[in-house]
There are 2 protein chains.
Amino acid sequence: MTKRIIVSILAAVLCTAAFAQRLRYVDAAGLNVIGQPIPTDVPFARLDTSVYKFGDATIDRYADYSTGLAVLFRTDSRTIRARWETSGANSGSNMAAIGQKGLDLYIRKDGEWIFAGVGSPDMDKEPYDRHEGTIVADMAEGMKECLLYLPLFDCVKSLELGIDEDASISPQENPFRHKIIVKGSSITHGAAASRPGMSYAARFGRDNGMYCCNLGFSGKSKLQKEYALMLADIPDADAFIFDAFSNPKAEEIYERFDEFVDIVRKAHPDVPMIFLQTERRETRNFSTQKEAFEAAKQKAAKEKVLARMKEDRHIYFISSEDFLGDGHIATADGTHPTDLGFTYMLESISPKILKILKKYGIR
Amino acid sequence: MTKRIIVSILAAVLCTAAFAQRLRYVDAAGLNVIGQPIPTDVPFARLDTSVYKFGDATIDRYADYSTGLAVLFRTDSRTIRARWETSGANSGSNMAAIGQKGLDLYIRKDGEWIFAGVGSPDMDKEPYDRHEGTIVADMAEGMKECLLYLPLFDCVKSLELGIDEDASISPQENPFRHKIIVKGSSITHGAAASRPGMSYAARFGRDNGMYCCNLGFSGKSKLQKEYALMLADIPDADAFIFDAFSNPKAEEIYERFDEFVDIVRKAHPDVPMIFLQTERRETRNFSTQKEAFEAAKQKAAKEKVLARMKEDRHIYFISSEDFLGDGHIATADGTHPTDLGFTYMLESISPKILKILKKYGIR
């Protein structure tokens with residue numbers, strides 16, 4: 001009996017030793033954080049909210065989110081873990097926690113960024129703020145180039161990466177070319193993306209090797225002057241993609257479009273501005289009210305962009321008929337594209353955008 | 001000034017009257033609830049848990065879920081609202097609340113079920129149990145045939161539908177043909193489906209006009225004898241589709257497969273049993289441990305089914321190479337297909353399953 005107990009204890013100790021790989025943690029702020037359109041010392045926010053204030057509490061909160069940001073690093077660790085803290089912000093009912101406040105890792109293999117694992121937020125513990133987990137383990141030996149996307153719909157207050165104690169980790173240079181600013185609504189923000197790296201802006205960037213900054217502001221992207229002034233400040237922008245017509249009413253589009261373009265254009269005289277028509281929402285399928293409201297928005301958008309294109313040859317318009325496929329199955333709630341919706345959307349917009357960018361030597 | 005106040009009050013009253021359409025609520029249990037494989041008086045559970053006990057608290061809880069159930073009704077109401085109560089169960093971090101505890105409405109138009117709207121769970125109020133919302137409003141006049149899917153990952157304790165006070169509502173006959181039992185893991189359960197009607201079983205049924213019952217049990221589908229005994233009790237099953245190899249270890253597949261098939265086969269001598277190979281998980285991309293574990297499962301699954309096919313001509317095996325496409329982007333977390341993953345999966349399995357079913361006059 002005593003012998004059996006000793007054997008059990010020994011087995012338990014050995015098991016623990018085998019599983020408890022020794023790790024060390026490093027602050028991800030010391031690695032290469034990409035995705036901020038305007039350089040700032042704030043490590044994990046897409047905009048420096050001490051500089052950019054929008055006069056709207058929700059917009060100010062969103063500006064502080066880590067949307068579109070990613071950490072680039074090289075490591076020969078066989079395990080990658082993370083400890084991170086988010087703000088406790090609630091998600092919408094159309095979004096999973098991994099997309100909202102999780103982490104999404106890709107590792108480069110034969111030149112391609114391949115999905116490696118997620119950092120899954122801890123939803124069972126109060127106050128839903130601190131998370132810890134293994135993103136990937138038991139990897140083969142050798143150096144890996146890593147791209148870790150940060151939460152789409154929350155702030156990151158801190159982020160530490162855990163690697164094998166004897167492994168190295170260092171910042172990886174940004175391999176993405178050019179600088180493309182994607183400004184838009186919840187669709188750009190990635191409201192119903194399954195993972196942080198699955199927003200259409202992140203996918204367009206990863207698929208084409210281009211550097212995209214995500215300035216999607218869910219429900220709040222109404223061609224406000226404050227956004228135009230912020231966009232004017234962005235250095236070295238090579239192109240703008242606008243999902244500008246999903247949030248404003250038709251009247252707001254008519255009222256605000258020209259001033260918005262004037263401000264951006266003044267700061268970026270020859271930079272292509274590519275306007276996406278807003279998608280044909282599935283909420284229109286049976287609601288006569290939504291049908292009329294959305295059709296009016298689309299009409300206003302098309303009229304305003306086409307008129308402006310007559311006097312500005314660096315403005316472009318992309319129609320949205322095929323953004324959601326034809327099966328009525330591509331949204332989480334009638335409005336927000338799922339990963340399937342973004343796949344249809346990218347199949348439509350990617351070749352068109354690439355063709356435009358090519359004219360500017362962006363390829 | 002007084003005049004202005006009176007005008008304001010009048011305007012407010014008129015506005016309120018215009019928006020406050022009078023509704024009446026009916027208990028959805030009195031309409032046609034479909035999706036229960038074995039007839040029961042319990043209105044919104046897929047199995048009667050007083051009859052079926054699995055000796056595992058999680059499985060018993062899942063059996064009580066409304067997974068795969070839908071309410072069929074006809075109404076000429078221009079508005080459809082819902083009030084419903086769920087159990088407060090927590091979702092995984094890979095699932096949005098609409099899929100977990102929401103409602104998903106389709107209306108038949110020219111013979112096709114078209115998405116109409118969602119019942120979005122209320123996540124901001126404690127205890128996250130009671131929900132109320134408009135699914136669709138401002139519809140054109142006329143009678144509509146409606147199909148309302150119930151939550152994938154929770155119980156429905158009560159469900160009332162709100163319609164215009166002067167509108168009619170009545171049960172709609174089940175238009176789906178045959179009876180196909182889909183038994184499986186979280187993949188079948190619909191773990192990362194965006195909406196209740198987006199699980200692959202629901203989509204296969206809706207797309208092909210067939211009646212599918214969802215018996216996906218997340219993480220708990222390990223070829224247990226108790227499941228086989230329950231499947232043996234299902235009356236009038238025309239076909240079985242099994243996602244049987246996602247949860248068990250290779251050893252469990254070797255040990256349990258034959259007894260499982262024996263029990264089901266004894267009760268359903270000539271019914272086709274279609275086994276899906278488990279998907280190639282994206283968690284294998286870099287983890288050598290997961291690669292070995294999953295490869296062993298797939299080997300065991302293939303060996304066991306192929307051996308059995310030699311003596312049973314009503315058993316079929318579908319390979320899974322293309323279940324997740326080739327872009328490594330089709331899962332929410334490396335394991336669970338998103339709506340995009342299910343789209344790839346259905347593109348692969350639907351023609352193969354339909355070809356098999358056709359041999360049995362199931363079309």
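**Entry 1: domains of chain A**

Chain A divides into domain 1 (22–171) and domain 2 (177–359). I note here that the model is predicted. I then looked up the spacing of the two domains. The C-alpha centres of domain 1 of chain A and domain 2 of chain A are 25 Å apart.

Next I took the contact between them. On one side I find 29 residues of domain 1 of chain A, and on the other 28 residues of domain 2 of chain A. Which elements of chain A give two or more residues to the domain 1 side of this contact? I listed helix 2 (57–63), helix 3 (97–101), strand 5 (103–109) and strand 6 (112–119) of chain A. I also sorted that side of domain 1 by class: 17 residues are nonpolar, nine are polar and three are charged.

**Entry 2: chain A against chain B**

Then I went to the interface. I find 43 residues of chain A in contact with 43 residues of chain B. On the chain A side, at least two residues each come from helix 3, strand 6, helix 8 (288–309) and helix 9 (339–359). Which element of chain A supplies the largest share of that side? Strand 6 of chain A does, with five residues. I recall that strand 6 of chain A was also listed on the side of domain 1 that touches domain 2, and helix 3 of chain A was listed there too.

By class, I have 21 nonpolar, 16 polar and six charged residues on the side of chain A that touches chain B. I checked how the interface residues match up between the copies. Of the interface residues of chain A, 100% are also interface residues in chain B, so the copies meet through the same surface.

**Entry 3: helix 6 and helix 7 of chain A**

I turned to helix packing. Helix 6 (residues 225–233) and helix 7 (residues 250–267) of chain A pack at an angle of about 10°, and their axes are 8 Å apart. With angles under 35 degrees counted as roughly parallel, that makes helix 6 of chain A roughly parallel to helix 7 of chain A.

I wrote down the contact residues. Helix 6 of chain A brings A:Lys225, A:Ala228, A:Leu229, A:Leu231 and A:Ala232. Helix 7 of chain A brings A:Glu259, A:Phe260, A:Ile263, A:Val264, A:Lys266 and A:Ala267. The class count for this contact is eight nonpolar, no polar and three charged.

**Entry 4: helix 7 and helix 8 of chain A**

I followed helix 7 of chain A to helix 8 of chain A. Their axes come within 9 Å and cross at roughly 25°. Helix 7 and helix 8 of chain A are therefore roughly parallel to each other. What is the handedness of the crossing of helix 7 of chain A with helix 8 of chain A? I have it as right-handed.

From helix 7 of chain A, the residues are A:Ala250, A:Ile253, A:Tyr254, A:Phe257 and A:Val261. They meet A:Ala296, A:Lys297, A:Lys299, A:Ala300, A:Ala301, A:Lys304 and A:Arg308 in helix 8 of chain A. I count eight nonpolar, no polar and four charged residues in this contact.

**Entry 5: the pair in chain B**

I looked up helix 7 (residues 250–267) and helix 8 (residues 288–309) of chain B. Their axes come within 9 Å and cross at roughly 25°. Helix 7 of chain B passes helix 8 of chain B in a right-handed crossing.

Conventions: Residues numbered from 1 in each chain as written. Chains lettered and ligands numbered in written order. Predicted model: local features only at pLDDT ≥ 70, side-chain atom pairs only at ≥ 80, totals over all residues. Contact = placed C-beta atoms within 7 Å. Domains from an automatic or database assignment. Helix = DSSP H or I, 4+ residues; strand = E, 2+ residues; numbered from the N terminus. Nonpolar A, V, L, I, M, F, W, Y, C, P; charged D, E, K, R; others polar. Axes fitted to C-alpha atoms, helices over the stretch in contact; angles between N-to-C directions. Left-handed = near helix turned anticlockwise from the far one by under 90°. Parallel < 35°, antiparallel > 145°, perpendicular 65-115°, else oblique.
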